[in-house]
Amino acid sequence: MRRIHCLVGSTGPSFPPPSPTCWQAPPMSDNNNTPVQPSEPAAPVAGPSGFRTSRSHTQGRHPLIQILGYLSSMWSAAIMLGLLIVVTGIATYYERDFGRVITAHVVYQSWWFNTIFALLAINIFGAAAVRFPWTKRQAGFVITHAGLLTVMLGFAIAGGDGARRLDGMLAAPQGEPARLIELNREVLNLVVEETGQRSSVAFRVTDYANYPSFLRYTADMILRNTTGHRLIHEPEVSPANQRVKLTEIAGHPVFLRRVVDTAAAQLAWAPASEGPSAVRMRLDFHGEAFGPESGRSQQIVVPRGQRLDMGPMVISHHQRTLPPAIQQLFALPLPEDSGPLGDLIILIDYEHEQILQQVPLQFQLNDESNSDSMQIQTIRDGDPFQVALLDYFPEVEFNEQGQPRPVSDEPLAPLLALRLGFAGDDGSEEINWLSPMILDGLNFLPNQIIDNMWVLWRHPTLWKGLPDQERGLVSHLDFFHLSNGEHFLIRSSTVSGVSHRGLVEPGWKNEANMGVGEIITHFEAYLPHVAREPRRVVMDAMMRDRAANWIELQIGEGPDAQRHWLRRNTAETLRLPTGQEVLVTYGRQQYDLLDRHGFEITLQRFINEKDPGGQGNATYTSLVRVRYADSRPAVQAEISMNEPLHEGGVTLYQTARAEQPDGTFVSFFTVAQDRGRPFKYLGSLLLVAGILTMYFMKAKGRRKRSPPPAA
Amino acid sequence: MTSDTHFVIGPARAPLGFAQGCALSLILVIFSLGLAGAQEGYYPVLEANEGPVSSIDGPLLVKQPAIVGNLPVLHNGRVKPLSVAARQTLNTITGRSTFGPVVGEGLGMSVSERYSAVDVLISWWKHPQQWRELPMIEVPRREVQEHLGVGRWASISQLQDGDNGRTLRQLRQEVQRSQDTGEARRDWNDLKERTLDVARTVPFAMAILQGYAIDLIPLIQTEEQLQWVMSLDHPHLDGSVAWQARVMEVVLPFATSGRTNWRELATERLVETNVWISVRDAALFPDPLLESWPDDFSLLAHATAWGEALRYQKADEIEVATRALESALYQLAEIEHLQGHGAGEHYPEPNVIKTELFYEASGIFTWTWLAYLLGGILSAIALARAGSASPWGPLLYSGIAITVVGVILNAFGFYLRLTISSWGAVTNFYETFIYVAMVVAILGTLMGVMFRNVYYVIFGSIGAALCAMVGEAMPPDLGRDINRLEPVLRSVFWLWVHVKVITASYGAFLLAWLMGLYALVVAAWKREQVSNATAHALYRCLQIGLVLMIAGTILGGIWADAAWGRFWGWDPKEVWALVIILVYLIPLHLRYIGAVRATGLAAWSVHGFASVVFSWYGVNFLLGAGLHSYGFGEGGQHIVIPISAAVILIAVIAQLRIPRIAKSGPAQ
C-alpha cells in the first residue's frame, strides 16, 4: 500500500517536485518551490510557480492601470469563463427551441454577451500587458494571448449583424439566373408618395419580435426541471397593444402592434374587443376517412354572417335575427298522411299572437301545366291568401308503390318554386302576387315572405330522412339568433333529415355519422366579438423558418384606427383616411449579388446521385454558370458538399435542394462572407504557435534544471 | 421520394420565399397524390395477404448451407454479404442476431436448435404468410407492449390489422405530416416516440418478408440496359409494383413536364438514382417485365435458379446455384461503368466481401477490449504485488504488451472497417468509442512508459477497455453496422483530421477522469490530500486534452470555413467544444494563484468530464439539434445520466471527506 500512500501524498497545497521515490515524473512547471500565499495581497504575491498576480504588478500605479489589474486578474478570468460556459451552454438549448437566427439576436449579438466577451478580451489583454516588459520565458504566454486577442478581433469585425457579415440564402431554380439573396433579417418597409416625392422608411422587425429573454428562458429551464412549472408556453402569444410607434405619415401615426412568428399561413378568427360575434365549435373527427386527423379535435370559429364549408360539414352562422315564435314552425309534427310533397307551414308573427297554418301541398306531380294554384283561406285578418306552385324540381322520385327514393346516390335538394299572393283589400278577385321564391328541400330554413310572415316547406322524405339511408353525406348546422337573445340551431343532413331543431346553449353536442367517419360537434361558446388573427402553430425546431410570420400594423389612433395583418414576404397598399396610399412591404431583406459582388449564377444542372438502390443520397452537386457584370466571359462552376464556390469575395455553399414537379430542381446556396476571416486564421496560428512555444520553453527549462531521471 | 424532396444540410435552413413556398407546397401535394401508392415508406405496399403462398410442406426453419451467407446483396445502400444483411435485418426486426431456443420459446414456437440470421431470412422469404402470423417484431418497451396489448414479440398481423394497425398508421402519418408542413408533432410524448419505433418496423418487416429491401442486381449497368429502361414500352408494365415505385417515380415527372428534352433529363436522373432489382423480382418471384431486360451475364437466369433452389430446399442445388450466381455477380465489378455513374461503380471487389465476412466472424473489437482489460488487470496486479518496490517488472511489461496487442487489434479492426466502407474515419457514435478506446490505450501506455508512471498504464488500459465495451454494448444502429454515410461527411481529409483530433482529446480527458476519480476516492479513504505527483499526472492529461481540443476546434473552424464559408457559427457542437475548452482552462489558470490545488485538480478532472459527456453524447442524444448531429440518436439517457450523476456524487462525497487546507496555512 506504499504506492497509494505516495499517490495521495501528504505534502502541502503547492505543487513541489514530486518525491523521486514516488512517481518518477519530472515536474511540469518551472519553479514549484514557492509556497502559496494568496490571502496576503500586501506583498507581491507569488504563486506556486513563482507566479505574480496581475494585481501585484499594478499595485501603486495609475488608478486606471490598477483597474486593469483587477480586470485582468485570474479570478475575473475564471468568472468570465464560468459565465461564458453557463450562457453558451444554455444558449444551445435556446437555439434548439427558437432557432439559429433568433438565438443570434437574443444571445450572441446582444449587448450583454458582447460585454462579457469584451471583458474577457480586456482580461486577456491586461494579463499580458501588466507584465510588460516580458521576459524570454513569457514568450509563449504572450503569443498565446495575442493569438486569442486576434481571434476575438476577427469575431468583433465579423460579428454583429451589420454590413460586415453576410449570411443569406440564394434560391436558384434550374435554368433561371439567380442574384437575389434573402438575408436572415426581416424588414418592414413603408413607401409613401408625397407631392411627387417618394420617401421610404425601413424597420428591423426582429427587434420588435416577442421572444423570451435569455433570463426568462433560463428561469423557465430551471423551474421546469425542478418544479415542473413553466414560464414560457409555446406557442407564445405576444400580448396585444404592446405597440411601438414606428413613424408618422401625413399626421397619422403608424404603430407596429404585434409580431407573430411561427403561425399558420391563413388568418383565423379569435376573440377580440371589437368585431362581429361568432360561435366557437369544436369538431372531433373519428374514423378512417380522416386519416391522421382521426381522433383529433379542431376548434373552429364561425362569425356571424359567415358560412364555413368543410366538405362533410357546413356550418352557417346566419346574419338575420328570427322571432322567437319561429320555434313553432319546427315544433309542428309532420302529419302521417301528408302528400308526396309534404306541407307548407306559414307563421305570422304578431306582437300579441302568433298564427300558425299548416297547408298540405296537394299538387299533382309530373303535371306539365304546373302553374297550379291553391287558395288558403284564413289568415291575415281574414284576407284570402293564395299560393301558386310555379315549378318543382325533383331530385327525389317516387317508385310504383309511391315510396320516395333518391335519383342519385348523392341527392341534391328538391326545389320548389312558389309564388305567394294576397287578395286585395277591396274584396276583388285580383291577387297581389309577391315575387316568386324558391324553397330548398334540404335546408330547412325559415323563409321570410313579408315583414312578419314566414314559410317553411317540409319535404316529407328529407325531413325524416331517406329510407335505407342511415348516414348523411353532408351535415348542415344552421345557427340563428332569436330576437330575445337566444340561439336557435337546426342540424340537418343530406339524406338523414332533420335531427335537431331548437334552442341551443354552449355545451350542446351533436354527432354526425358519415359511415366512414364520424364528426362530433360541440357548441363550445358564443363569442361577443371576434377578429382575424394569425393562428399560432408550434413548429418543429428545425423547421421554424417554414412557418408564416405576421405583423400587425395600426394606422391612426382612436376608434378610426385601421389595423392590418401582413404576412412575411408580401406587400400591400394601405389607404390612409386622407386618401393617400402607403405601400407596405414586409419580408426578408434582399441583397443583390450582381450589384454588390458583380456576378450572378444560373443553375444548369443539379446532380443528386443516390447510393445503390436509390434510397440514400450520395452527392449533391450544382453545376452553375457564373455570369459577371463586367466584360469578363461567363464561366462554369461546380458547387458541391464541402466544395463551395468562392466568387467576388463571397462563398456559396450547397445547402438544400427542392424537386419541382417537372423533375427539375431548385438548388439553395448559403451565401456567406466573413471579413474577420484573416484575423481568425492569424489568431489561430498565433495561438498554436504560442502553445507550442510554451511547451518548448518548459521543456527547455526542465532540461536545464533537472538531470534526467534515473533509470 | 415524397419525404425526401427537401433536405437541409447547411447551417441556415432554407428560407423559402412566399411564392416559392406556395409553389413547393403545391408541388408536394401534387406529388404526394401522384404517389399515393408509395406512401408507406419506400417499399411498395401490398395487401396483407398478397404474399406468395408457399407450396412447400415441411419445417418452417431449415439450416442453409454456409455459402449462401457469402452472396453479395445490396442492403441499406451498400453491397454486403447476405449473412451481414440478414443479421442486420433480423436485429432490426426481432432485436436478436440469431434465432435460438430461447427466442423461439418467446415466439411460442418449438425451436430445438440455433438458426442463423440467413436461415431465418430465407424462411421469411419462403413462408411470408406463416411468418406474418408469428410474433417476430420486437416490442422492447413495456409501456408500448401494454399500449398495444402485445407481448415482447408481436406478429405483423397483430400490428398491422385492427386498432393497432390504425394506431401505428396514424403515428407514421403524423410524422409524415410534420415533415411535410414543418409543424411540430401534435400531442407527442415519450410513449408515442417509443411506439413509433415499432410503427416503423412493421412496413419494413412486411417489405422484408416479401423480398423487398434487399436487392440483388443493378438495373442499369450498360448503355443497352439504359436504352431498354428508357424505351418505357414493356409488357406487364402496370403489373410491376417495383417498376412503378422505382423507375416510373423517377421518369414520370419529366415525361409529364412537357419539356422537349425530357428524355435526356430523365435518363440522367435515372442513372444517378441507381435503381436495383430486388431479391423478390429477381429470384423469388421473377418479374415478367424483366424477361426482355438485356442480361449479358445471365444474372437473372442465375438468380431465378437460385430462388428455385431455395424454394425446393435441396442443399446441393442451393450450393451450386449460389456459387453460380455469386460468380456471375462478381463480373459486375469489372464492367466499364456507365458515364462514371451507375451501379457498377459501387460494386465491390470480391475481396471486400470476403473482408467483411472475416470482420463479421472475427468479433475483433470484443478481442480488443478483452486485451485491454487483461492488460489493465495485469498492470494493476503488478502494482499491487510490487509493494514498495518498483512495479516495473515482467508482469507489468506483459500487461503493457497485451495492451499493445489490443491497440494493434483495434487498429486492425479500424483498417477492416475502412476497407469495407471506403471511408475509414470516425463517422458515427460507435466509431468514436472504439477510436477513443485506442487513443486512451495509446496515451496511457506511451505516457506510462515515458514518465515511468504505472497509473497511466493501468487507467489507460482500463479506460480503453471500458470505452470499447460500451461501444460493443451499444445498439448496432448507432454505428456498429457499417452503413451509408451522410454526404457532408464524405470529405475524407477533413474528416480524418478534424474529427480524430477532437475525439482524441476526449481520450485524454477520459484518462484524467478515471485517474482523478481514483485519486479522490483513495485520498478520501486515507483522509489526506491528493498528492502533487498525481496532480502533475492529471495536469499533463488535461494539458494534452486541451491542446488537442483547441487544435481540433481550430481545424474544425478551417473545415467549416472551407465548407460553409464561416469559421464559427455558434452551432451546438461548436459551442460545446468551446465549453470543454473553457471548463478545463479554468483549473489550469486558477492553479497559478493556488485556488486550485492537487485535490482541486483531481476534482476538476472528474467534474469537468461532464462537459465532455455532454458534447460527446448529450448534443446528439439530449439536445438533438444542430449541424453536427448527423443522425440524431435518442435514448440512453436512463443509463448515461444516472452514471454521470453517480460519479459526480462519489467525487463530491470523496471531496467532503478530504480534510480542507487552512487557507493561509503555509505548506509544510
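Q: Which residues do ring pairs link into a cluster?
A: In this predicted model, ring pairs join Tyr94(A), Tyr108(A), Trp112(A), Phe113(A), Phe117(A), Phe155(A), Phe214(A), Tyr217(A), Trp568(B) and Trp570(B). Residues of chain A and chain B both take part in the cluster.

Q: How many aromatic pairs are counted over all chains?
A: The count comes to 37.

Q: What makes Phe330(A) and Phe488(A) an aromatic pair, and why is the pair called tilted?
A: Their ring centres are 5.4 Å apart, and the cut-off for a pair is within 6.5 Å, so the two rings qualify. The planes make an angle of 50°; stacked needs under 30 degrees and edge-to-face over 60, therefore this pair is tilted.

Q: Where in the chain do Phe330(A) and Phe488(A) lie?
A: Phe330(A) belongs to helix 8 (residues 326–331) of chain A and Phe488(A) to strand 23 (residues 487–493) of chain A. They are 158 residues apart, and the pair links distant parts of the chain. Both Phe330(A) and Phe488(A) are buried.

Q: What kind of aromatic pair do Phe606(A) and Phe665(A) form?
A: This one is tilted too, with 4.7 Å centre to centre and 50° between the planes. Phe606(A) sits in strand 32 (residues 599–607) of chain A, while Phe665(A) sits in strand 37 (residues 665–674) of chain A, 59 residues apart.

Q: Why is Phe606(A) called buried?
A: Buried means under 20% relative accessible area. Phe606(A) has 2%, so it counts as buried.

Q: Why does Pro506(A) count as partly exposed?
A: Its relative accessibility is 48%. Buried would need under 20% and exposed over 50%, so Pro506(A) falls in between. Pro506(A) is found in the loop between strand 24 (497–504) and strand 25 (509–513) of chain A. Leaving aside neighbours within four places in sequence, Pro506(A) touches Phe523(A), Glu524(A), Ala525(A) and Tyr526(A).

Q: Which residues have the most contacts inside the largest nonpolar core?
A: They are Leu188(A), Leu553(A), Leu520(B) and Tyr584(B), in a core of 155 residues. Helix 21 (residues 492–526) of chain B gives the largest share of this core, 17 residues. Beyond its neighbours within four places in sequence, Leu188(A) is in contact with residues including Val201(A), Phe203(A), Leu246(A) and Leu553(A). A second, separate core has 94 residues, among them Val118(B), Met136(B), Leu171(B) and Ile214(B). In soluble globular proteins, nonpolar side chains tend to be buried together.

Q: What makes up chain A?
A: Chain A has 11 helices and 37 strands. Of its 711 residues, 51% are buried. Among its contacts with a separation of 6 or more, 55% come from residues 24 or more positions apart. The accessible surface is about 32900 Å², and 53% of that belongs to carbon and sulfur atoms.

Q: What is the average pLDDT of chain A, and where does pLDDT stay under 50?
A: Chain A averages a pLDDT of 78, and 79% of the residues score at least 70. Over residues 1–48 of chain A, pLDDT stays under 50.

Technical notes: Residues numbered from 1 in each chain as written. Chains lettered and ligands numbered in written order. Predicted model: local features only at pLDDT ≥ 70, side-chain atom pairs only at ≥ 80, totals over all residues. Heavy atoms only, no water. Phe/Tyr/Trp six-rings, centres within 6.5 Å; stacked < 30°, edge-to-face > 60°. Helix = DSSP H or I, 4+ residues; strand = E, 2+ residues; numbered from the N terminus. Buried < 20%, exposed > 50% of the residue type's maximum accessible area, 1.4 Å probe, protein only. Contact = heavy atoms within 4.5 Å. Areas by Shrake-Rupley, 256 points an atom, 1.4 Å probe, with all protein chains shown as cover. Core = buried A, V, L, I, M, F, W, Y, C linked by side-chain atoms within 4.5 Å. pLDDT = per-residue confidence, 0-100.
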